[in-house]
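Hello,

Here is the structure I promised to send over. Please have a look at it first, and then read on for what turned up.

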Amino acid sequence: MGFYDRHILPHVLDCVCGLAPVTGQRRKVVPLARGRVLEVGIGSGLNLAHYDRSQVTSLVGLDPGSELVAIARRRAQRAQMPVEFLELEGEAIPLESESVDTVVVTYTLCSIPDVELALGQMRRVLKRDGTLLFCEHGLAPDPGVVRWQKRIEPLWGKLAGGCHLARDVPALLRGAGFAVELFETAYLKGGPKFASYHYLGAARPR
Ligand SMILES: C[S@@+](CC[C@H](N)C(=O)[O-])C[C@H]1O[C@@H](n2cnc3c(N)ncnc32)[C@H](O)[C@@H]1O
């Protein structure tokens, strides 16, 4: 990992992911989390302020990015919320099968290298009646925008921590054995179209 990825990117991500329109999207899904919660790709902990603490019994925040997790640890103290951090990848989640009530993923499925494997892990640790809440950007519905997504993706990935622009979020979830309920699919106003088509919803084990 180079200087940019280690020292600059974490702060860029914290800043961009903390913009007001993005925060508005988080607020639509994160407060729905219940019980024992696993947040995959907790990053700098921007969701911590949005959990309904009366509904969450415990929170595990998993992320391989130690610089981002350091920011999240500070936020967890301010949020007065006990969080167990695991500085690990979503492709190998060290939790027991069917032990989690809610998995939360926000702006993370784009960045996980082996996203199918990671979703399989999330499905494994989720209880049969559990819910995976997602707020993600991905594949746009317009062919012209998709062409740009695919053109830009290689360079974008280098600048944005391996972020993929054109992942089909519902298809990935269905492929991992989830039934998908979409709350919202739309371009986020004010963002570049190639990176702002949003998928918000809940996925449940089939
Ligand atoms: C754009 S950031 C989003 C962070 C946070 N979820 C949020 O909503 O602000 C993408 C996150 O995915 C994480 N990530 C990258 N590879 C991962 C992996 N293999 N497993 C889990 N998280 C990963 C990064 O470390 C980073 O925190």
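Predicted model: local features only at pLDDT ≥ 70, side-chain atom pairs only at ≥ 80, totals over all residues.

How many bridges join strand 2 to strand 3? There are four, and the two strands run parallel. Before the rest, two notes on how to read this. Residue numbers start from 1 along each chain, following the sequence as written.

**The overall fold**

The protein chain has six helices and seven strands. Here helices (H or I, at least four residues) and strands (E, at least two) are DSSP runs, numbered from the N terminus. In sequence order the pattern is α-α-β-β-α-β-β-α-β-α-α-β-β. The C-alpha trace spans about 45 × 40 × 30 Å along its principal axes.

Of the 206 residues, 40% count as buried. A residue is buried if 20 or more other C-beta atoms lie within 10 Å of its own, exposed if 12 or fewer, and partly exposed in between, with C-beta atoms placed from the backbone. Among contacts between residues at least 6 apart in sequence, 70% join residues at least 24 apart. A contact here is two C-beta atoms, placed from the backbone, within 7 Å.

**How the strands pair**

Back to the strands, which count as paired if DSSP finds at least two bridges between them. Strand 2 is mostly covered, with five of its seven residues buried.

Strand 4 and strand 5 are also parallel partners, over six bridges, and Val105 stands opposite Phe134 in strand 5. Nine of the 12 residues of strand 5 are buried, so strand 5 is largely enclosed by the rest of the structure.

**The nonpolar cores**

In soluble globular proteins, nonpolar side chains tend to be buried together. I use "core" for a set of buried Ala, Val, Leu, Ile, Met, Phe, Trp, Tyr and Cys residues joined through C-beta atoms within 7 Å. The largest nonpolar core has 46 residues, of which Leu38, Val103, Met122, Leu132 and Phe134 touch the most other members. A second, separate core of six residues includes Ala140, Val145, Leu165 and Phe194.

Leaving aside neighbours within four places in sequence, Val103 is in contact with Leu38, Val40, Met122, Leu126 and Leu132. Met122 is also one of the buried residues of helix 4, along with Val115, Ala118, Leu119, Gln121, Arg123 and Val125. What covers these includes strand 1, strand 4, strand 5, helix 6, strand 6 (178–187) and strand 7.

**Around the ligand**

There are 21 residues around the ligand, and Gly41, Gly43, Gly65, Glu89 and Gly90 come nearest. To count as near, a residue needs its C-beta atom, placed from the backbone, within 6 Å. By class, the shell has 10 nonpolar, eight polar and three charged residues. Ala, Val, Leu, Ile, Met, Phe, Trp, Tyr, Cys and Pro count as nonpolar, Asp, Glu, Lys and Arg as charged, and the others, Gly among them, as polar.

Most residues other than glycine have a negative phi. Glu98 counts as partly exposed because it has 14 C-beta neighbours inside 10 Å, whereas Tyr107, with 22, counts as buried.

Best wishes
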